[in-house]
Amino acid sequence: MNGTTHAVFGVAALAGAALVAGADPPAYVYPAAVAAAWLPDVDNPRSTLGNGLSRSKNPILNVLSRPVSWVLRTTSFVLVRTVGHRTLTHSILGSLLFALPVYLFLADYPNLSLALVAGYASHVFADALNTRGVPLLWPVGRPFRLLPGGIKSGGAVEVAVALGALMAALYAILQLNPSLRALLGLV
């Protein structure tokens, strides 16, 4: 799946999880869900985060983003050289290794914790729809696919699936925000 599809799945996962949990996440945690949805691909140096943050024309933003970019590129290099792409970061073990510190260090911020974990999990779920599947039981076992044959990355079916996820996200967000429904005249 491409970065845009993962971003949509991240937002949909957060909105859906919040709806199920009865939480009311503020708008500022949705970008965290998107970033977390991109995180499993940090093991690929050509991915959105694995390539580091793009250079901005603003010198102040460049100075601020350079350390984060360096960490992302270093992490990407280490992961691709040690475990490879779509291994640890796309497994149950990788998801747990991500979720545990999130809950330990961000326990006082339940909405942010939910956004990060839902976003990360959405990436693994979305890639399980892909033709390659995901190695859920890594380092043992074969890749797991949710659909026989899977969905080709970058194809028209991926766009349709992303649009479906977007519709589910919008529905959940409207259910979470009665004032937004009223503002749009959907009461």
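Which residues make the nonpolar surface patch of about 450 Å²? Read on through the close-ups of this predicted model, where local features need pLDDT of at least 70, side-chain atom pairs count only at pLDDT 80 or more, and totals for chains, interfaces and linings use all residues. Numbering starts from 1 along each chain as its sequence is written, and side-chain values use heavy atoms, with hydrogens and water left out.

**View A. The nonpolar patch and Met 167.** Val 159, Leu 163, Leu 166, Met 167 and Leu 170 make the patch (residues with over 30% relative accessible area and no salt bridge, nonpolar side chains joined within 5 Å; a salt bridge puts a Lys or Arg side-chain nitrogen within 4 Å of an Asp or Glu carboxyl oxygen; areas are Shrake-Rupley, 1.4 Å probe). Met 167 sits in helix H6, residues 156-176 (a DSSP run of H or I, at least four residues). Met 167 counts as exposed because its relative accessibility is 54% (exposed is over 50%, buried under 20%).

**View B. His 90 in its loop.** Look between helix H3 (59-82) and helix H4 (92-105) for His 90. His 90 counts as buried, since its relative accessibility is 0%. Its side chain makes a 3.0 Å polar contact with that of Thr 89 (N or O atoms within 3.5 Å, one able to donate a hydrogen and the other to accept it; for residues adjacent in sequence, both must be side-chain atoms). Beyond four places in sequence, His 90 has contacts (heavy atoms within 4.5 Å) including Asp 41, His 123 and Pro 135.

**View C. Arg 86 and its backbone.** Though not a glycine, Arg 86 has a positive phi of about 60°. Arg 86 is in the loop between H3 and H4.

**View D. A cis peptide bond.** Trp 138 and Pro 139 are joined in cis, with omega about 15°. Pro 139 belongs to the loop between helix H5 (110-128) and H6.

Technical notes: Helices (H or I, at least four residues) and strands (E, at least two) are DSSP runs, numbered from the N terminus. Buried means under 20% relative accessible area, exposed over 50%, partly exposed in between (1.4 Å probe, protein chains only). Patches are made of residues with over 30% relative accessible area and no salt bridge: like charges are joined within 9 Å, nonpolar side chains (Val, Leu, Ile, Met, Phe, Trp, Tyr) within 5 Å.
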